[in-house]
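Student: I would like a close look at one part of this model, taken slowly and with its surroundings described as well.

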Amino acid sequence: MAAEIVVEVTKTFPGRKPIRANFRYPVEASTVLILFGPSGSGKTTVLRALAGLEWPEEGTIQFASRIWLDRAAGIAVPPQDRHIGYMAQDYALFPNYSVAGNIAYGLSGLSPADRMQRVKEMAELFRLTGLEDAKPRELSGGQQQRVALARAVAPRPQLLLLDEPLSALDAPTRLQLRGELRGLLKQLAIPSIIVTHDWAEALTLGDVMAVMHEGMILQVGTPQEVFSRPANADVARVVGVETVVQGTLIDAREGLATVRVAELSLTAVAVENVGPDVFVCIRAEDVTLEPIGVRLTSARNHLHGTVGAIASLGALARVTIECGFPLVAVITRSALAELGLTVGAAVRASFKAGSVHLISRQ
Ligand SMILES: Nc1ncnc2c1ncn2[C@@H]1O[C@H](COP(=O)(O)OP(=O)(O)OP(=O)(O)O)[C@@H](O)[C@H]1O
């Protein structure tokens, strides 16, 4: 049987709703698990509990064959014995240490020669060569992020925990480092858990994704599964992107990209550094439904299909259109009635090029 991470914990902060996180998944060398959810849902608390920096009052945490926490049995392995690499959201670099000093921080068990060698390797891997003597304040945000990552992985941890690793960066740097981070994690081959509330990050970085909401894990699956088949209305609301399909970028010119999905051709706003294999992501509220034969919107994409399913979301309805791929729209119940939509009805779905988000699958 494959090694597993098992988390079944309850942590209560005074005056707050308890965080009850239960999940398990098989872990292999380069598996990246995304802990996804809105601010305050409990992601950081779960990550810190795994690191041994937060102590749940009840429950168990198991990593492969090792039990790190078992409240009932009185087992509580301290952080330093878990062999974990942890990177906090603000990086928490030591301001008075150089880059080399920061990277070497967790290497006191090595001989001076081995420590120097490891720092050199890390500097090369994380493109920090030449900056070894610089202090953190002399570095760009992206360089600081790489130092923090280098420090976390230098002791060769058996599990890497990254809390919002890209959130402190400006948008262009974040976009560039997203792809780079995925490559690095695969190269390092250390199982990782990444906290994020950014769905593009979840799709780019994750092999498995756990969705958190109000202290509970609501769904665990591949990112594509979770985004395109949310287990319930809460997950759908949390992830907010209900259509995720695989596509192929076939052309990009004058700011617009043409993407093939199944037998269809869609127009998206072109983005740099993606393709040819992409995830095509469309938020349900960006899809407009119209009667066949009437063109009400100026959107670039118009697809003919039939209604596959209708689910009630209170005042709203979630409508799945079969149009070559399952496309999800969220419309008001009054719009549903006006359009006379029932399962099997013909309908046209429209959405703008700017509503089609392309994310690299490489
Ligand atoms: N040390 C603490 N003392 C009191 N309450 C806390 C503490 N740490 C977290 N909480 C509370 O626990 C809940 C979950 O917080 P947590 O930081 O785990 O959420 P999160 O999903 O990581 O959010 P964010 O993305 O904003 O960091 C919040 O209501 C938060 O206020």
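Student: In which strand does Y86 lie?

Tutor: In this predicted model, Y86 lies in strand β7, which covers residues 84–87. Y86 counts as buried because 22 C-beta neighbours fall inside 10 Å, where 20 or more are needed. Once the neighbours within four places in sequence are left aside, Y86 is in contact with A51, A152 and L161, and the C-alpha atoms of Y86 and L47 are 8.9 Å apart although 39 residues separate them in sequence.

After α1 comes G52, with a positive phi near 85 degrees. The residues around the ligand include K43, T44 and T45, together with others such as G37, G42 and H197, and by class this shell has 1 nonpolar, 8 polar and 2 charged residues.

Turning to the strands, β10 (residues 208–213) has 6 of its 6 residues buried, with V208, A210 and M212 pointing one way and M209, V211 and H213 the other. Strand β3, residues 32–36, pairs with β10 in the parallel sense over 4 bridges, and I34 has M209 as its bridge partner there. With β11 (residues 216–221), by contrast, β10 runs antiparallel, joined by 5 bridges, and A210 stands opposite V220. The hairpin formed by β10 and β11 has 2 residues between the strands, and E214 in the turn has a positive phi of about 45 degrees.

How values were computed
Residues are numbered from 1 along each chain as its sequence is written. This is a predicted model: local features need pLDDT of at least 70, side-chain atom pairs count only at pLDDT 80 or more; totals for chains, interfaces and linings use all residues. A residue is buried if 20 or more other C-beta atoms lie within 10 Å of its own, exposed if 12 or fewer, and partly exposed in between; C-beta atoms are placed from the backbone. Two residues are in contact if their C-beta atoms, placed from the backbone, lie within 7 Å. A residue is near a molecule or strand if its C-beta atom, placed from the backbone, lies within 6 Å of it. Ala, Val, Leu, Ile, Met, Phe, Trp, Tyr, Cys and Pro count as nonpolar, Asp, Glu, Lys and Arg as charged, and the others, Gly among them, as polar. Two strands pair if DSSP finds at least two bridges between them.
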